[in-house]
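Please read it alongside the sequence and the model.

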Amino acid sequence: MSDQDAHIIRAALERAKDDLLEGRVPGPLTSIRLVEVAGVKRHRLTHDNKDINDEFQQRARELNRTKPEVDGLRAQLDDERKRNKRLVAERDALDRRVNAYATALHAVLEERDRLTAALKGQENIRDISDHRR
């Protein structure tokens, strides 16, 4: 590998390190993600550029430490997930109930239509719309 290639690889790793640590590129703060973002082989980081790897790992550990505001947001997210799960279950229960009512109503209307048709033939029933005062 030439000095030019080594310089290009080092620059790519530095750029990827900064992008990951500053959140411009999504993903976990791991060495594997770093080489993926840089587009280089893993040994270029672990063997040829150990200093970049060490600095990245140290800064990643600092960023991944638990902070009170992060813990609060995680708790809030957990609460919202539980609420969402409860609301989905309630919605599904209501959907089943509405479908049961619709099925029952459909059966009642079919029975009404059948009885109305049977009784009309015997002249025992008149439509309300035909009734005038």
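Lys17 lies in helix 1; helices (H or I, at least four residues) and strands (E, at least two) are DSSP runs, numbered from the N terminus. The model is predicted, so local features need pLDDT of at least 70 and side-chain atom pairs count only at pLDDT 80 or more, while totals for chains, interfaces and linings use all residues. Residues are numbered from 1 along each chain as its sequence is written, and side-chain values use heavy atoms, with hydrogens and water left out.

**Lys17**
- Lys17 has a relative accessible area of 2% and is therefore buried (under 20% relative accessible area, with exposed over 50% and partly exposed in between; 1.4 Å probe, protein chains only).
- The side chains of Lys17 and Glu55 are joined by a polar contact of 3.1 Å. A polar contact is a pair of N or O atoms within 3.5 Å; within protein, one must be able to donate a hydrogen and the other to accept it, and residues adjacent in sequence count only if both atoms are side-chain atoms.
- Leaving aside residues up to four places away in sequence, Lys17 touches Leu34, Ile52, Glu55, Phe56 and Arg59 (contact means heavy atoms within 4.5 Å).

**Helix 1**
- Helix 1 has 19 residues and reaches 27 Å from first to last C-alpha, close to the 27 Å expected at 1.5 Å a residue (1.5 Å times one less than the number of residues).
- Its buried residues are Ile9, Ala12, Leu13, Ala16, Lys17, Asp19, Leu20 and Leu21.
- The cover over these buried residues includes helix 2 (31-38), helix 3 (42-48) and helix 4.
- Gly23, with a positive phi near 80°, follows helix 1.

**Packing of helix 1 and helix 4**
- Helix 1 (residues 3-21) and helix 4 (residues 50-64) pack at about 0°, with axes 11 Å apart. Axes are lines fitted to C-alpha atoms, for helices over the stretch in contact, and angles run from 0 to 180 degrees between N-to-C directions.
- The two helices are therefore roughly parallel (under 35 degrees; over 145 is roughly antiparallel, 65 to 115 roughly perpendicular and the rest oblique).
- Helix 1 contributes Arg10, Leu13, Glu14, Lys17, Asp18, Leu20 and Leu21 to the contact, and helix 4 contributes Asp51, Ile52, Glu55, Phe56, Arg59, Ala60 and Leu63.
- By class, this contact has seven nonpolar, no polar and seven charged residues (Ala, Val, Leu, Ile, Met, Phe, Trp, Tyr, Cys and Pro count as nonpolar, Asp, Glu, Lys and Arg as charged, and the others, Gly among them, as polar).

**Whole protein**
- The protein has five helices and zero strands.
- Of its 133 residues, 15% count as buried.
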